[in-house]
Amino acid sequence: MIPAAFEYHRPADMAGVIALLEEHGDDARVMAGGHSLIPMMKLRMAEIPHLIDLQDVAGLKGIAVAEGRVTLGAMVTQHELIQHQGLANTAPILREAALVIADPQVRYMGTVGGNVANGDPGNDMPGLMQCLDAEFTLVGPDGQRTVAARDFYEAAYMTEREDEEVLTAISFAAPSGGYAYEKQKRKIGDYATAAAAVILQKDGGTCAAASIAMTNLSDVPVWSDAAGEALTGTSVDAAAVSAAVQAVLDDIDPVEDNRGPVAFKRHVAGIILTRAIQRAWGRA
Ligand code: FAD
């Protein structure tokens, strides 16, 4: 389908972006890679009279790995996440997750900022960023602020970001320990039926800390404190894994859709989480 008519803006700096957002309010939307927004406009699920392209805005690109912290510019593409060697060494879970997003064409255009800002429960990066305890930097008319990924998501497509704010960067402490990103999807290029991001710290034979987040099993990503606690202090034996799975099942709230009924999604969530925990523990 063809989207409704819109005016295309391409400001050269952030001040220009924010001025346009203030001028047009709810009638304006920023565009990053356009691979979530344009399909929504074509399907007439979103009508945006003013589209503000972020491509020419300086300072939104770049991957920095320094002093134990990783910072990603909002306009870094999923392809760039996969290609970056420093990131592969420091936070390989990003590469593992980005590789199961869509297909190469989408990954060349889709950005990490667009993926987390969108608020689509099917997007893979929000749950991963909650697992990493990332912070999102937002810039707006009142200046800059940071919001924890774990506090950012309110409901499907509704986030802590105000209409006149732009997400400029994502940052998190370089993770240590074992990691895994597991995703079940119907076919290449599909969104998750269920996905799990897991990071485990190992001390001797014991799990010293665990961070677990699930994707597309609620209207927001689900970081499960209880699931992490179920593994912490254990040897990640079968009983502990089963307790973690039960904790996640208590936290998620999937709905029936073309990926299956609720009982199937809960079953898949358990399998995917079990695999992710086992792989992360094997790598820890
Ligand atoms: P855009 O489409 O440009 O923007 C998306 C939304 O975020 C818009 O509302 C926009 O206003 C807002 N936005 C963008 N950037 C900012 C910013 N810096 N600050 C504030 N707001 C901003 N994603 C997955 O995670 N997993 C998948 O399996 C997957 N499969 C896909 C399959 C197909 C066929 C397609 C077309 C897309 C798929 N996607 C998937 C989505 C893809 O990864 C998107 O590119 C991504 O989610 C959004 O990034 P974008 O840069 O394209 O954002």
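The model is predicted, and local features need pLDDT of at least 70, side-chain atom pairs count only at pLDDT 80 or more, and totals for chains, interfaces and linings use all residues. Residues are numbered from 1 along each chain as its sequence is written, and side-chain values use heavy atoms, with hydrogens and water left out.

Helix α11 spans residues 238–251 and helix α12 residues 262–283; the two pack at an angle of about 135°, and their axes are 10 Å apart. Axes are lines fitted to C-alpha atoms, for helices over the stretch in contact, and angles run from 0 to 180 degrees between N-to-C directions. Helices (H or I, at least four residues) and strands (E, at least two) are DSSP runs, numbered from the N terminus. The crossing of α11 past α12 is right-handed, the near helix being turned clockwise from the far one by less than a right angle. On the α11 side, V241, A244, V245, V248 and L249 meet R266, A269, G270, L273, T274 and I277 of α12. Of the residues in this contact, eight are nonpolar, two polar and one charged. Here Ala, Val, Leu, Ile, Met, Phe, Trp, Tyr, Cys and Pro count as nonpolar, Asp, Glu, Lys and Arg as charged, and the others, Gly among them, as polar.

Two loop residues have a positive phi. Most residues other than glycine have a negative phi. E67, which is not a glycine, has a positive phi of about 45°. E67 is located in the loop between β4 (63–66) and β5 (69–73) and is exposed (over 50% relative accessible area, 1.4 Å probe, protein chains only), with a value of 86%. For N216, phi is also positive, near 65°. N216 lies in the loop between β13 (206–215) and β14 (222–223) and counts as buried at 17% relative accessibility, the cut-off being under 20%. Apart from neighbours within four places in sequence, N216 is in contact (heavy atoms within 4.5 Å) with P121, G122, Y191, A192, T193 and R259. A polar atom of the N216 side chain lies 2.7 Å from the backbone oxygen of A192.

N118 occupies the loop between α7 (112–117) and α8 (125–131). Not counting residues up to four places away in sequence, N118 touches S36, N123 and Y157.

Notes. Polar contact = N/O pair within 3.5 Å; in protein donor to acceptor, adjacent residues only side chain to side chain.
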